[in-house]
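Good morning, and thank you for coming. Please keep the sequence and the model in view while I speak.

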Amino acid sequence: MEKTSKIWMDGKLVPWDEARVHVLTHALHYGSGVFEGIRCYLTDKGPAVFRLKGHVRRLFDSARIYQMPMPYSEKEIISAIKETIRANNIKECYIRPIAFRGYGEMGLEPSKCPVNVSIAVWPWGAYLGKEAQERGVKTIISTWARISPNVLPPFAKATANYLNSILAKQDALSKGAQEAIMLDSRGFVSEGPGENVFIVKDGSISTPGPESSILLGITRDSAIAIARDSGYEVRERDITRQELYLADEAFYTGTAVELTPISSVDGRKISDGLGPVTAEIQKKLFGALRGREKKYVKWLDFV
Ligand code: PPE
């Protein structure tokens with residue numbers, strides 16, 4: 001990864017190489033951390049963070065699920081994020097705030113461990129490779145099911161959840177695909193290891209709803225709003241694997257992946273790269289991210 005100069009740790013900006021934790025940090029042993037992935041883009045009016053308040057709210061919601069008392073307010077985290085971007089003098093970056101149970105006691109009862117918070121920013125380019133956003137990615141349905149709400153709550157963006165994601169990702173790569181799609185414990189389409197999933201069929205758009213063990217993606221929410229504003233019907237509903245095979249178009253959304261088309265699922269070709277509906281929503285979303293869509297400037301928080 002590309003280094004920047006400073007990382008925010010528990011209220012102070014420290015040099016990148018000195019942003020360290022103890023090896024007996026609770027979260028390292030038990031996955032007791034919650035985090036966010038946010039992006040800052042350069043707009044005509046300077047750097048702006050996309051849907052910052054929504055991401056910080058989700059961070060606090062994740063902490064709430066795990067009864068982690070946050071040592072800062074949402075407002076303080078919002079200003080710390082902006083401060084970190086400014087301190088690094090960076091125009092476009094990925095932003096990774098994390099709150100985790102730190103060094104204190106070993107054992108599963110976490111309340112004696114402090115909650116540490118850090119914020120790092122660095123340049124992070126195309127998540128699934130350069131061509132992916134234009135040509136789409138090959139996917140497989142993973143043999144690994146998505147975590148479910150009575151196992152590990154998917155609404156919490158917890159570090160531990162990503163072991164499930166890593167298994168699915170490795171599964172996809174070992175089968176010659178670039179990315180995975182996971183089914184929920186009921187067998188309906190859930191999401192990718194780090195992305196939400198959409199399908200387009202006969203001009204109508206569908207995406208799995210909250211009951212499908214998804215992370216409530218902020219890019220997902222933005223894509224739904226853009227699609228509805230553009231006159232498309234968008235349904236949040238249970239989607240079966242066969243519907244993925246028969247879709248006219250399909251795509252992933254996420255902060256890292258932005259909006260990336262899915263070109264095939266389990267070897268069944270879906271569309272030739274970027275289909276027309278995907279292209280339209282992608283264009284509007286990319287415009288919104290960089291402040292070029294008036295209607296969505298409300299989503300930007302200028303640094
Ligand atoms: N589902 C999962 C499981 C997920 O991790 C993400 C984000 C999403 C959906 C989309 O959510 P949103 O970013 O709010 O639209 N994944 C983040 C981490 C990826 C990583 O590899 O790390 C991201 O995109 O930043």
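I begin with a single side chain. A polar atom in the side chain of Asn161 lies 2.7 Å from the backbone oxygen of Ala156. That pair is a polar contact, a term for two N or O atoms within 3.5 Å; within protein, one must be able to donate a hydrogen and the other to accept it, and residues adjacent in sequence count only if both atoms are side-chain atoms. Asn161 belongs to helix 5, residues 161-174. Here helices (H or I, at least four residues) and strands (E, at least two) are DSSP runs, numbered from the N terminus. Is Asn161 buried or exposed? Its relative accessible area is 1%, so Asn161 is buried. Buried means under 20% relative accessible area, exposed means over 50%, and partly exposed lies in between, with a 1.4 Å probe and protein chains only.

A word on the source. This is a predicted model, in which local features need pLDDT of at least 70, side-chain atom pairs count only at pLDDT 80 or more, and totals for chains, interfaces and linings use all residues. Residues are numbered from 1 along each chain as its sequence is written, and side-chain values use heavy atoms, with hydrogens and water left out.

Helix 5 also contains Gln170. Gln170 counts as partly exposed, because its relative accessibility is 49%. From Gln170 to Arg220 there are 50 residues in sequence and 24 Å in space, C-alpha to C-alpha.

Let us now take the whole chain. The protein chain has eight helices and 17 strands. Of its 303 residues, 55% count as buried. The C-alpha trace spans about 55 × 45 × 30 Å along its principal axes. For 303 residues, a compact globule would have a radius of gyration near 19 Å, and the chain agrees because its own value is 19 Å. That radius is taken over C-alpha atoms, and the globule rule is 2.2 Å times the number of residues to the power 0.38.

Next, the strands. Strand 6, residues 93-101, is mostly covered, with seven of its nine residues buried. With which strands does strand 6 pair in the antiparallel sense? Strand 3 (residues 33-35) is joined to strand 6 by three bridges, and the two run antiparallel; two strands pair if DSSP finds at least two bridges between them. Within that pairing, Gly33 stands opposite Phe100. Strand 4, residues 38-43, is also antiparallel to strand 6, over three bridges, and Arg39 has Tyr94 as its bridge partner. Finally, eight bridges connect strand 6 with strand 7 (residues 115-122), again in the antiparallel sense. Ala99 is there the bridge partner of Val117.

Strand 8, residues 137-141, is mostly covered as well: four of its five residues are buried. Its pairings are parallel, over three bridges with strand 15 and three with strand 9, residues 179-183. Val137 has Ile262 as its bridge partner in strand 15, while Ile140 stands opposite Ala180 in strand 9.

I turn to the ligand. How many residues surround the ligand? There are 22, the closest being Tyr94, Tyr127, Tyr162, Thr219 and Thr255; a residue is near a molecule if one of its heavy atoms lies within 4 Å of it. The shell divides into seven nonpolar, nine polar and six charged residues. In that division Ala, Val, Leu, Ile, Met, Phe, Trp, Tyr, Cys and Pro count as nonpolar, Asp, Glu, Lys and Arg as charged, and the others, Gly among them, as polar.

A nitrogen atom of the ligand lies 3.3 Å from a backbone N or O atom of Gly194. An N or O atom in the side chain of Thr219 is 2.5 Å from an oxygen atom of the ligand. Taken alone, the ligand exposes 550 Å², of which the protein buries 94%; these areas come from the Shrake-Rupley method with a 1.4 Å probe, and for residues only the protein chains shown count as cover. Helix 2 (52-65), strand 6 and helix 6 (218-229) each give two or more residues to the shell.

I close with the backbone. Most residues other than glycine have a negative phi. Asn89, which is not a glycine, has a positive phi of about 50°, and it sits in the loop between helix 3 (74-87) and strand 6. Asn89 is exposed, because its relative accessible area is 60%. Glu258 likewise has a positive phi, near 55°, but it lies in strand 15, residues 258-265. With a relative accessible area of 12%, Glu258 is therefore buried.
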